[in-house]
Amino acid sequence: MEGEQATAPKPLIVEPKTGVPPEYCEFLSLKEFVKSIPWLRENKGLEWLQNNCTNYADFFVDEDTLNAKMDGLKFSEDDAKTSAGDSSQPIIKLMPGGKVKRAPQKEVVLERNVRNKKKCVTTVKGLDLFGVKLSDAAKKFGKKFACGASVVKDATGKEEIDVQGDFSQELAAFIMKTYPDIQKGHFYSAEKGKKAPLF
């Protein structure tokens, strides 16, 4: 109408990582929603999240709960800001439907196998989870124990090291000395499908 000044439309505010207005973030999948949390937390605050993100209410019980959940979650570079080499927290993978699948726990399994009724082989599994290059480790094991040691693949295609001989305790001691990040609590022994702490 004449004499009335047109009001400029308000700019639409969206959460930058997902491109979704804050009010609609709770309807995102878990994977997408987690991307939006840091911005929502900084710009809207915990109380707003508690009132407006009821689909994910368990995240926002209090500050400690939110911190714990965020500290435990890690995604690829596209998904969140994470430090590339830090593997101290378990990686969480998101499955279809938003179900959460944890990555394998970091552990070293020393499995003793007897082949051809007399030949003993100690299989070392899990060193790769600590960033150890298996081919280098196999060479070190062979040299240390004067035996054959090689990288092989198990039935699922996962790489492990076969060491000719029964060296479970000696291998564990040598691994801890060579790779200080690996401690006593990381070791398990396995025989005939049964796994138990080595120490």
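The model is predicted, so local features need pLDDT of at least 70 and side-chain atom pairs count only at pLDDT 80 or more, while totals for chains, interfaces and linings use all residues. Residues are numbered from 1 along each chain as its sequence is written, and side-chain values use heavy atoms, with hydrogens and water left out.

The protein has five helices and eight strands. Helices (H or I, at least four residues) and strands (E, at least two) are DSSP runs, numbered from the N terminus. Their order from the N terminus is α-α-α-β-β-β-β-α-β-β-α-β-β. The protein has 199 residues, and 34% of them count as buried. Buried means under 20% relative accessible area, exposed means over 50%, and partly exposed lies in between (1.4 Å probe, protein chains only). Among contacts with a separation of 6 or more, 41% join residues 24 or more positions apart. A contact means heavy atoms within 4.5 Å.

Thr18 sits in the segment before α1 (30-43). Its relative accessibility is 19%, so Thr18 counts as buried. Beyond its neighbours within four places in sequence, Thr18 is in contact with Cys25, Leu28, Glu32, Lys35 and Ser36.

Helix α1 has 14 residues. At 1.5 Å a residue they should span 20 Å, and the end C-alpha atoms are 20 Å apart, which agrees. The expected span is 1.5 Å times one less than the number of residues. The helix α1 bends by about 40° at Ser36, and Pro38 follows within four residues. The bend is the angle between axes fitted to the seven residues ending at a residue and the seven starting there. Buried residues of α1 are Leu30, Phe33, Val34, Lys35, Ser36, Ile37 and Leu40. Just after α1, Gly45 has a positive phi of about 90°.Helix α4 covers residues 134-145. Its 12 residues should span 16 Å at 1.5 Å a residue, and the end C-alpha atoms are 16 Å apart, in agreement. Leu134, Ala137, Ala138, Phe141, Gly142 and Phe145 are the buried residues of α4. Down the helix axis they fall within an arc of 135°, so they line one face of α4. The arc is that of the directions from the helix axis to the C-beta atoms. These buried residues pack against β4 (119-125), β5 (149-153), β6 (159-164) and α5 (168-178). The face turned away from the buried side carries the exposed residues Lys139, Lys143 and Lys144.

Ala146 follows α4 and lies in the loop between α4 and β5. Ala146 is exposed, with a relative accessible area of 71%. Most residues other than glycine have a negative phi. The phi of Ala146, however, is positive, near 50°.

The whole structure holds three aromatic pairs. In one of them, the ring centres of Phe145 and Phe174 are 6.0 Å apart and the planes are at 80°, so the pair is edge-to-face. Rings of Phe, Tyr and Trp (its six-membered ring) pair if their centres lie within 6.5 Å; planes under 30 degrees apart count as stacked, over 60 as edge-to-face and the rest as tilted. Phe145 belongs to α4 and Phe174 to α5, so the pair ties together parts 29 residues apart in sequence. Both Phe145 and Phe174 are buried. One aromatic cluster is formed by Phe141, Phe145, Phe167 and Phe174.

Elsewhere, Lys195 lies over the face of Tyr188, at 5.1 Å from the ring centre. A charge sits over a ring if NZ of Lys or CZ of Arg is within 6 Å of the ring centre and within 35 degrees of the ring normal.
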